[in-house]
Amino acid sequence: MRTRVLAPSLLLLLAPLATACGDASGASGPKTVTVTVGYQSKTINTVTAGTLLRSLGYFEQELAARGKRDGVTYKVDWQDYATGAPITAQMTAGKIDIGSMGDFPLLINAARGKELKQPTRLVAVTGYNLRGGLNTVVTAPDSKLEALADLRGKKVSTSVGSAADGTLVRALQRAGIDPASGIEKLNQQPSVGASALQAGSADALSQFVAWPGQLAYEGKAKALYDGAELNLPTFHGVTVREKFAKERPGVLEDFLRAQRKATDHLRAEPVAAAESVAKETGLPAEVVYLYNGANGIATFDPALRPELIDALKQDVAVLKDAKLVGDVDVDAFVDPEPLKRAAEGTPEYPKAATARSELWLKGQARAQGFDSPRELLRAAHGADVRTAYVPDAVTGTLWFADKAVWVAEGPELRAFVTAAGAKSYVDRHQGSGARIVSFAEAGALAS
């Protein structure tokens, strides 16, 4: 037999190919497998599959246990992005194995994966809101715009193809405004849009968690439209390359088990989780808690609930109209089996409960819940308050008490995310004496 000897130059060319897919093996050492996870640190209702999960180290722990069993060294490469689009680009290039993103980007992920012969599957949910409250349209604090209808002919910043863009499109349609010609849409990254709003080059900003809450908290914006008015579910989820899922099903299940552990931690210790995410992202903990708290706008549960999948199917038409996707077979995209295996023997999480008012006092490790905004205001009087949150009287969307629009109606005090929501309520209850009052007046009426 003749033995062929490769030239040194050819060996150099072939060497990178041995490690390009994240697997490397040495003659005397154990094989190493790198799992690449794409996430969005500041899209904070994905934290159980990203920021929080990474800080807790649960995925690494699961992989370490697996490595001891099969003699493989597993490593995790966490890659942080601002939106879902670059995660999809990297997944379809075979460079990211597992990613998390919003419902509209998930559909684009499915479409691009099929087109580029790198199919992906939706395997879990991170955070959801059954009414759509994770997306909000905001304006400058001193803006004269009072309702969504006022956006006609105005410049509105959003990220095209995002969940927030989907909310904007649907909201404009309901207001009788053509989303394509009725406004001047500025396709911008969230941070760029936030700057444009402050500079006055955009009249409004439609964005996803946590941008609207952050801008409102910092006094840089006020809410114009609460996405929950659409009463359509919105969520973020976990997607995986089909090839990776088939080659390493156990690793995917490890990820989903770790995600569930992170979900348990967030639900059991919401303040600690908010503080942790704030430290990792630079976001105010008060903003993180608005969305991820015990009564936050997002409910965390990995389950692929039927109402969420049905909503995803309705989203396809919006993206098709925008010519961002063709037909998407949602049923083929959704794969519940890995989560079923990973969660076997564990109890289901309860559905989202009715939001309650919450008072977070300085120095406290837990926020206190109240059955009514009036009770919260009474308890806050004279207290060392860090933040107070109240649910919208109609949509249930939690908001900062001092940023909400208040309505007094007899002995009752009701809070609203937007001025338009409060005005609509007052107009419908004129016979009861309902009237809009300031936050200070609401506090005085409660005490």
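Predicted model: local features only at pLDDT ≥ 70, side-chain atom pairs only at ≥ 80, totals over all residues.
**View 1. Centre of the largest pocket.** The largest pocket has a volume of about 890 Å³. Its lining is made up of 44 residues, and those closest to the pocket centre are Asn295, Ala353, Thr354, Ala355 and Arg356.

**View 2. Secondary structure elements around the largest pocket.** At least two lining residues each come from strand S5 (120–129), helix H10 (249–268), strand S12 (299–300), helix H16 (373–380) and strand S18 (412–416). Strand S18 supplies the largest share of this lining, with four residues.

**View 3. Centre of the largest cavity.** The count of cavities of 30 Å³ or more comes to one. The largest cavity holds about 90 Å³ of space. Of the 14 residues that line the largest cavity, Thr167, Arg170, Leu232, Pro233 and Thr234 lie nearest its centre.

**View 4. Helices around the largest cavity.** Two or more residues of the lining of the largest cavity are given by each of helix H5 (103–115) and helix H6 (163–174). Helix H6 gives the most, with four residues.

**View 5. Residue classes in the lining of the largest cavity.** Six polar residues are found in this lining, together with five nonpolar and three charged residues.

How values were computed:
Residues numbered from 1 in each chain as written. Heavy atoms only, no water. 1 Å grid on protein atoms, 1.4 Å probe; cavity = no way out; pocket = protein on both sides within 12 Å on 5 of 7 lines; lining within 4 Å. Points joined across faces, edges and corners; volume = space filled by probe spheres on them. Nonpolar A, V, L, I, M, F, W, Y, C, P; charged D, E, K, R; others polar.
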